[in-house]
Structures are given as C-alpha cells and as structure tokens.
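Please open the model in a viewer and keep the selection panel at hand. The stops below are given in the order in which they may be selected.

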Amino acid sequence: MSSSEDRNNDADRKRQSRGKGRLVEIPPCADRKRREKFEADTKAWLRWYCGEGSGSPSPFWYEFTEQQREMIDAVDESIAKGHDKAVAASRGEGKTTICLRVALKNVLQGKARFPVIFGANGPGADDGMDAIKMELEGNDRLLADYPEVCVPIRALEGIAQRAHSQLVSGHSHADGKPFVEQQSHFVWRGTRKIIMPNVPGSPAAGAIIVTRGLDSAVRGLNIKGKRPDVAIIDDPDTEDTAENEKAATKLEKRIDRGVAGLGGQQRRIARVMITTLQSRTSVSYKYTDPKQKPSFRGRRNKFLIEKPHRIDLWDEYVAMKRADYVPETTKAHEFYLANRKAMDAGAVVANPNRFTPDEASSLEYYFSEVARTNQEAVDTELDNNPPEISAPIMSAITPHHIQKSLSGHKRKCVPRGCNLITHGIDVRKTHLHWVVRAWSADGSKYYTIDYGIQEVIGTKRGSNVGVEMAIYKAILQRWDDYREQFESPDGYHTEDGEIIDEQLTLVDAGWETQSVYAACLTIGAGIFPIMGCGKSAGCVKPNFTDLERETEDRKPGDGWFLTRQEVTSQIVKGRKKKSVWLVYADTDRWKRYEHERWMTDEGNPGRMLIFGEADPEANRLGRLGPDEKLHQNYAHQVCAEVVAEQIIKGKLTRVFVSKSDADHFNDGSYYSDVGGSMKGVRLLAPALNSIVKAKADAAAAATPANPKPPQRKPITRVFYDNEP
C-alpha cells in the first residue's frame, strides 16, 4: 500500500473518530405522562422541576405564597394571551428567579419562541442569562424529562464552540420516529443570547432567549428573521429613575416605544413587569397603577397584609431591638417570645416562611427590619407603599448623569476657549479634597479638568495634637502641587500648549479657620479662605442686599462678599500684615448653581462637563466605560445634597437636603464656582446678552446730562489679593 493511501485511510479514520465524538444520542423522555401533567400546571412544574432534589442551584422549598402565585400567573398569562401585566411584589420574594424559570418552562414547552428578559442594566441582564444556563446544565430532573434540550447542552462539556458542529440522533419526541445524525446547530456562547438545540421533534427547537439591559438600545431586535413574542421586564428602576422624574420619563418612553415595538406585524409583543416600588416617581409605580397604565392591569402586594392589633407592643419591640445592637443582647427577641400571642393578634403576613434563625416568625422579621432601617424603608421595600413626596426633589442631578457628562478631553487639558482656571479646596482633618476647573469669561464653557484627595500628614483620629500646623502645611503642599501643573508638560494648559494666567484658589476655612488664614497669608496672591453661609451651611445667611455698600473692610460681590479678618495664628508670628480677605458665599445659591451646570441640556451654554472619553463598546453593552467608572466617587459626592421644596413657616422654600455626609468634592466644586464669579464669569446666553446690552444703551440714552450722584457705590470689579 502506498504512503498516499495510508495517509488517506488515516484521515478517514480521524474523520470518523471526530464524527463519533460529535455525535450525541438523545434518549427518550424518562416520564412523558409526568412531563405533560406538570406542563398543565406551571406552579406544580416549578415545584417539581426546580424544587428540592432537582439539582436546581436555588430550589423552591416551600409552597408558593399568594404574591408569588400572582407573579407566576402574570408571566404565564402574558405569554399565552399576549397581554400586558404589571405586578409589584416585596423585595426578596424571588421575583427574578420566578420570571426566569416561568419563561424557561414556556420555552421548553414550545409556548414561547423568543422571550426577551429585560433587567434595569446590562450586568443584571448578564446574571439572568447565567441563571438560565445553570438550570439547563445542572438540573437532573430537567435532564430526565427534557433530554432533547439538556443532553446536547451537557454534551458540550463547557466548550460552547462544539454546539456548531454537534450531531444528534435518537427518536423524535413529537412522533417517535427515528432520526440519524442531524445537526443540532445551536448557540450556547456569549452572555445575552442562547438558541436552543435544533433537535427533531423538540418543542423548544430553535427557540431564542435573549437578555438585555433597559439602559441599552432595545429597538430592532431581530434574530434569523424572528422577532420577540414576550418581554419580561424585571425590576426596571435604578436609583436614577427612582429619584429623577426626567430619567423616569425617558425609561417610560423606552418601554412604551422601544419595547412595545419589538413584536411582529400580526402579533403584539406581550409585556409583563415584575417589580418592587422604589418611589412614587418611579416607572414601576406608574405601571402598577391601573389609572395611569390601564393595559398593564397593575397589582401591588404587601408583605404585611394586616397590621397587628397591639402596635404599641411592636413600637416597644423596635426600641428594644435598636438598643440590642451595640451590646449584642437579645432583649427584644425575649420580649416578643414572652408576649407573642398578644403581639401576633390581628396580623396577616404574605410569606410566613420568611424569617432568619434570629427570629421566631415572619412578623418578627418585619419589625426587625423596621428597627434595622426605618418604617419608611420597610413600607417601600416590603409593602410597595413608598411615602408621599412631601418635599419634591427639584434638582434632577444623579451620579450616573455626572459620570456620563464627559468632555472628550484628557485629564488636565484646558479646552479651547477657556481663559480662567479656578481651584477649590475642602479641608478635613485627615484629607483635602480639591477640584480644578476651566472657564470661559462668558460662562458658555465649564469644565472640571482635574480633582483629587491629598492626605494631611501628621493628624490622628481622636487627637487634635498638631492639627493646626498639619493643616497649614497641607495647604502649602497642595498649592505647590497645583502650581507645578502649570510648568509640567502634561499639566494645565490648552491642547496648543498655551498656559492660562488667570487663576484663583479658594480654601475652606469653616474648620481650623486660623490655620487656613495663615496659609493664605503666607501664599499671598491668588488664594482666599472661604466660608459658606445659609441653611445648607448650618448658619443664618446674612442679607446680601444690606451688604452691597462697599466699605474699607467689606467688598460686595454677586452672591458673595469679601470681609477683612484678623489672623491670630502663631504660625505667622512676626509678619507685619495680620489680616486676610475672607470670602463669605451664599451656600444655597452656589450649590444650586453647581447642580444647574451639570443639568444644563447638551449644546446649551453653561453646561458642565468632566474630563474623559466615552467607551462606545462599553456603552453599547449597557456598561460604564473606564473614564465613567473613574468618576463614581466624585459624582456621588457632588450629589450628596439635593434641592427640595419644603413648607417653612407657611412659605414654600427651597432648601438643600443631605443624602450623605461624604460631600467634600461637592464643596470643593462650588468653591470653584464662586471663584469663577469673583473673576468675572457671568453666564448669559447670546440672546440675553443682546437684551442686556440694548437695555443698557437705552438707559444711557435716557440719562440726563447732570444726573444725581448714585446713592450706593457700584459693586467694584477690583480684585483683592491676600498679599503678605
């Protein structure tokens, strides 16, 4: 035999061997009657195929509660009839797990051919697909009764690429006829799409399951000529949409236009929303309200269906429970056990199985949550009854919005058209938080070009020894580091290499005031201490109208004024000059101004942007790019306070409401805003500039030849330096 014949025979043997390796034998269903029986009852199907002993990664272990049954029926009905449905369930009642498994059951049964499962964002969608895959790969009861799906998947042995070349043989589930070496040709790789094995006679053959984030594009979802038949919307709200009416409206449009339009010409896509309410402005609140969204026939479920008669005893329990946390005692639990009959009377809970080993009942679990958080949080998360909005949030700013407001410029780059740099420093005992901004004189361009945190060397928590000198030195070091950036090749200059000469630094003097005064006095020109005044600063705001008159020791400004302050710190002992100009700023006004800059619509003058470039691929997948992630801490601190309306002494008043104590970058940012105003930045749209100019010209023309001297001296534009 020739060598060429040997090679051909060897190749044939290898091909046959590979073919045998790709060939998967599909056994018959282990119990067809059992399968058909459970397919007629979805709740029974879930309890058997995803219950204890099934191999399911998270088995159902107790009978479904009323609200869980309602969720199951909602998904089933939407798939069967093409209806819309919205159900609000308590947090922690297995909403996502139920949605995914009911969708899977309908796919395996052949009732759903192309479900799309929408999460609030991309990562949540990825988790949903992983859960479906784990069910099909590891569930032994599904393997027994749905071999036409599970056997080809398990035969991949974790190598998804094998799905393209896999061959199957066996007997058709539909009619029992044999088939030999048919291509299963399915898709198992990736994180957001699977196509079921194309096994002859399988009700699920070629069915598609897709997961998507509602923060990504949803239009035009068409795979191999097929369009989705059901959209399962799982907890659509984010912190952004729950707090921001503008963001909620945008998401509502996506559901009512993008998602609703995914169906085919002859069948509308069914939409079913399973959610927990976060606020009364959230999307979920609207869709579960039959008056606002009647097609969804919304339902809201409570954890505590009926309150106990003796609420007074539970109030006492909550107080005792909170007192138990620090000494780690169990007095509240013992109090409940001793008075359980009276405390349980009248109460009805939705899920009697839900409590931890530290509690004796689900009712105790409920009030333990009240003690651990607060009644408002429990009303929202467990009872789907978020509080009325007594103080509507006025500023729609969110961390996500700031993270997305990228300028396209690199860090430290001064965009063209900017001719001023301001530098705001917030002072803490252990750190300085600083923000650097670039401005145009007409206020049309606002950019955050740099920010950071500097450690204060020499201070210790719990001790004030050496704090005054440590703060003083830290400010001097921050000043040196800042000034070096104007000399550095990759520092603060334009893309053309131009260095901006106009600069101003403002340093928080609200704490360790004399240390800050001393540092500003030592540095001299270009730096001022600043203090905020007003409700947000926790002090009485002076009447700025009364401060318009300029004196030797007071210089008025626009929402701020300068006042001469004595420096008594021993750090500057021996200097002839012992006073500095302190900036007093209207905190409420400038924090509101800061938020307005971020929330200005794209393309309008005065919109604030932050350094960094968007990552198109990450955004396409519904994720934040590297530069957007970088700004997470900064963005959360800027949003640590929001403007709200409150009735104070019978008047509707706008005040700042604190959401977090971590607001140091917010302070550094608004100090930079005040610095811009001190250097003459005025935000006026071109049209408004024309109006102002026209009024000024008209006033000048109408002025008599010998006008009376003004009663008040005009606000000066002279710039005052703290020179040594």
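Select Arg-300 together with Tyr-285: the charged end of Arg-300 sits over the ring of Tyr-285, 4.0 Å from the ring centre. A charge sits over a ring if NZ of Lys or CZ of Arg is within 6 Å of the ring centre and within 35 degrees of the ring normal. Next select Arg-597 and Tyr-593, where the charged end of Arg-597 sits over the tyrosine ring at 4.7 Å from its centre.

This is a predicted model, in which local features need pLDDT of at least 70 and side-chain atom pairs count only at pLDDT 80 or more, while totals for chains, interfaces and linings use all residues. Residues are numbered from 1 along each chain as its sequence is written, and side-chain values use heavy atoms, with hydrogens and water left out.

Turn now to ring-ring contacts. The structure holds 28 aromatic pairs; rings of Phe, Tyr and Trp (its six-membered ring) pair if their centres lie within 6.5 Å, and planes under 30 degrees apart count as stacked, over 60 as edge-to-face and the rest as tilted. Select Phe-60 and Phe-64, an edge-to-face pair with 5.0 Å centre to centre and 70° between the planes. Phe-60 is buried at 12% relative accessibility, and Phe-64 is buried at 6% (buried means under 20% relative accessible area, exposed over 50%, partly exposed in between, with a 1.4 Å probe and protein chains only).

Trp-598 and Tyr-634 come next: their ring centres are 6.4 Å apart and their planes at 65°, so this pair is edge-to-face. The pair links distant parts of the chain, with Trp-598 in helix H20 (residues 587-599) and Tyr-634 in helix H23 (residues 632-638), 36 residues apart. Helices (H or I, at least four residues) and strands (E, at least two) are DSSP runs, numbered from the N terminus. Trp-598 is buried at 0% relative accessibility, and Tyr-634 is buried with a relative accessible area of 0%.

For an aromatic cluster, select Phe-303, Trp-314, Tyr-317, Tyr-336, Tyr-365, Tyr-366 and Phe-367, which form one such group.

The last stop is a sheet. Three strands form an open, mixed sheet in the order S1-S4-S5, where two strands pair if DSSP finds at least two bridges between them. Strand S1 (23-26) and strand S5 (178-183) are the edge strands, each pairing on one side only. Strand S4 (residues 167-171) and S5 are antiparallel over four bridges. Within S5, Gln-182 is the bridge partner of Val-168.
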